[in-house]
Amino acid sequence: MSRVQLNDVSKRYGDVDVLRHVSLIVEPGEFCVFIGPSGCGKSTLLRLIAGLDDPSAGGVEIDGRPVDHLQPAERNVAMVFQSYALYPHMSAFENMAFGLRHHGLAGREIDRRVAEAAKILRLEELLQRKPRELSGGQRQRVAIGRAIVRQPKVFLFDEPLSNLDASLRAATRLEIAKLHRGLGSASMVYVTHDQVEAMTLADKIVLLRPVAEGKGLPSIAQIGHPLALYHRPANRYVAGFIGSPAMNFLPGIVSDVTGGCTTALVNGTPVAARVNGLATTADRFGAGAAVTLGIRPEHVALGQGNQTAVLSHLEHLGEYTHAYLTPRNGTETFMAKTAATGWRMGDVVPFTFPPEHVHVFLADGSAVPRIIDVPAQRVIA
Amino acid sequence: MSLFPFVYAVSTSFKQGSALFRPGLWPEPATLDNYRSLFRDQPFAHNLLNSFVVAAGTVLLSLCLSLLAAWSLGRVEFRGRGLLLGTILAASMFPQVAVLSGMYELVSFLGLYDHLGALWMSHLIITLPFTVWVLVTFMRQLPKELEEAALMDGLGVFTVIFRIFLPLLWPALVATGLLAFIASWNEFLFALTFTLSTDRRTVPVAITLISGSSGFELPWGTIMAASVIVTVPLIFLVVCFQRRIVSGLTAGAVKG
């Protein structure tokens with residue numbers, strides 16, 4: 001059981017800010033996923049925890065003990081690299097055993113640990129093979145095995161699945177989730193740019209934004225349970241990043257604010273949102289304020305309502321359809337995800353934005369708190 | 001065409017007496033007398049051994065030194081790294097004669113004159129620049145994650161270099177080692193300058209100093225026999241190691 005804590009960590013390379021003011025706690029046994037676009041510093045953050053890089057400011061604690069002066073191997077963490085980084089001239093067994101042997105562990109103990117890891121990862125048949133004789137998925141399992149045998153308190157994964165093809169990725173994702181349940185006590189920190197991996201694996205998502213986009217804000221855009229990030233994004237950046245296809249954003253002018261509902265005019269048409277406008281701390285939030293309304297494509301109600309739009313483009317994906325709509329009264333095109341298939345391009349379709357699904361973002365990007373009941377925590381078996 | 005001088009040397013080494021001065025390629029009558037006299041009249045076997053000790057020692061030393069140098073020059077970021085690499089390259093640009101007198105001072109200061117150690121040291125000047133450069137290039141091609149993985153495993157610098165990198169650099173080491181061996185084996189000027197006694201001479205010097213029964217006679221047959229003997233180990237080495245220079249040893253280290 002191990003708790004990882006980052007206290008106001010910043011990282012600069014020369015003149016370039018990579019991470020700003022990151023404060024974060026990974027609880028014991030938690031599966032924490034760092035996600036963000038490329039260049040947001042998520043891998044750097046992982047390397048700071050591993051000790052492969054040193055923070056420019058701030059400190060890292062593991063189990064309440066500062067580890068900044070400790071070598072990577074002394075931190076009791078193990079890392080799985082994106083490129084696997086197996087020792088190519090050693091067999092799978094040797095790859096797992098090499099570090100242990102170097103630490104003077106007894107031969108019988110090494111054999112036991114490797115056998116155990118091999119059993120978990122179903123590598124028993126492959127132990128004598130060299131990395132070049134293994135497939136990508138098998139190599140990744142050996143790399144994970146090399147981490148397991150060290151019995152670390154914290155596992156660090158740096159985009160472990162991005163070199164695998166799609167079907168293997170789904171299978172390995174499932175295995176990592178099982179592994180986390182099986183190992184139980186170990187904390188895991190996992191870096192990915194893949195939303196699906198983040199949503200499916202994480203107990204806690206840390207969404208990072210590139211410093212350049214943050215405009216002086218800390219690197220962490222939001223920390224929370226996957227569904228919390230989906231249902232209650234803290235700001236426009238999070239709302240736009242989480243969810244696929246991405247949320248629609250429409251500019252609007254606030255016309256009315258109450259505790260339970262905020263109404264804004266989008267191209268002159270009132271759109272209601274069930275947000276608590278009174279709870280926001282912004283002092284100039286009221287009638288006349290410029291805001292951005294957000295609605296996810298899957299929440300746009302097509303075929304009902306009092307507004308109409310022209311279907312400008314359709315993407316049929318079988319299971320559902322992406323519909324690009326241009327409202328009759330304006331120019332902003334938005335997208336809807338629907339199961340209906342009867343429409344054709346050029347059709348005029350009625351639509352509405354259900355108030356319980358409309359997000360409101362202030363000019364500075366922060367979200368107005370929503371009044372909704374969402375399953376805030378997934379049931380953890 | 002380029003083989004002709006060598007073929008001629010081989011043929012001459014089997015000729016004898018006045019046959020030496022007939023330009024025919026086929027030695028008639030063929031004889032091994034030249035080879036016999038080579039080992040009988042002078043300590044040629046001893047010279048061969050000297051050459052081998054010098055060349056092997058030089059190869060070992062330069063590979064060890066350049067492996068360590070390659071790690072620090074290829075992997076560690078430090079100020080003046082480019083300059084240092086440039087200096088190493090520049091060192092190989094000076095002609096041997098330019099460093100000869102300075103080298104002589106150094107050798108006598110260390111008390112290595114007329115000792116094979118002097119040759120080890122001086123031959124390093126010739127071999128080190130290119131072994132370092134070649135190994136730095138190879139070292140840089142090895143994935144960085146490999147070193148980081150080793151760091152996570154808690155391995156020390158020397159373990160990383162000798163247990164992880166060395167096996168991966170094996171083909172490069174063999175190739176550069178072979179070149180260093182040839183350079184050291186054939187080196188003449190330093191060998192001539194820093195050795196005095198006959199039993200310290202290396203083969204290239206010994207060959208030059210082979211003399212006939214009178215000062216006016218050059219024993220061509222013996223000289224050619226010696227040259228052939230000198231070349232054989234090199235050919236043997238190249239053929240031997242060529243099989244072991246397998247590329248693609250790093251395949252499977254990273255994604256594939």
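Predicted model: local features only at pLDDT ≥ 70, side-chain atom pairs only at ≥ 80, totals over all residues.
**The core**

Let's start inside. The largest nonpolar core has 155 residues, and the members that touch the most others are Val33(A), Ile49(A), Leu156(A), Val189(A) and Leu293(A). This core takes at least three residues from each of domain 1 (4–240) and domain 2 (248–361) of chain A. Ile49(A) makes a handy example: setting aside its neighbours within four places in sequence, Ile49(A) is in contact with Val4(A), Val60(A), Val77(A), Leu156(A) and Val189(A).

**Where the chains meet**

Now for the contact between chains: 23 residues of chain A are in contact with 22 residues of chain B. On the chain A side, strand S6 (77–80) and helix H2 (92–102) are the elements giving two or more residues. H2(A) supplies the largest share, 3 residues.

**An open sheet**

Finally, chain A has an open sheet of 4 strands, ordered S2-S1-S4-S5 with antiparallel pairing. Strand S2 (16–26) and strand S5 (65–66) of chain A each have a single partner strand, so they sit at the edges with one side lacking a neighbour in the sheet. What joins S5(A) to strand S4 (residues 57–62) of chain A? The two pair in the antiparallel sense over 2 bridges. Glu61(A) stands opposite Pro66(A) in S5(A).

Definitions and conventions
Residues numbered from 1 in each chain as written. Chains lettered and ligands numbered in written order. Core = buried A, V, L, I, M, F, W, Y, C linked by C-beta atoms within 7 Å. Buried ≥ 20, exposed ≤ 12 C-beta atoms within 10 Å, placed from the backbone. Domains from an automatic or database assignment. Contact = placed C-beta atoms within 7 Å. Pairing = 2+ DSSP bridges.
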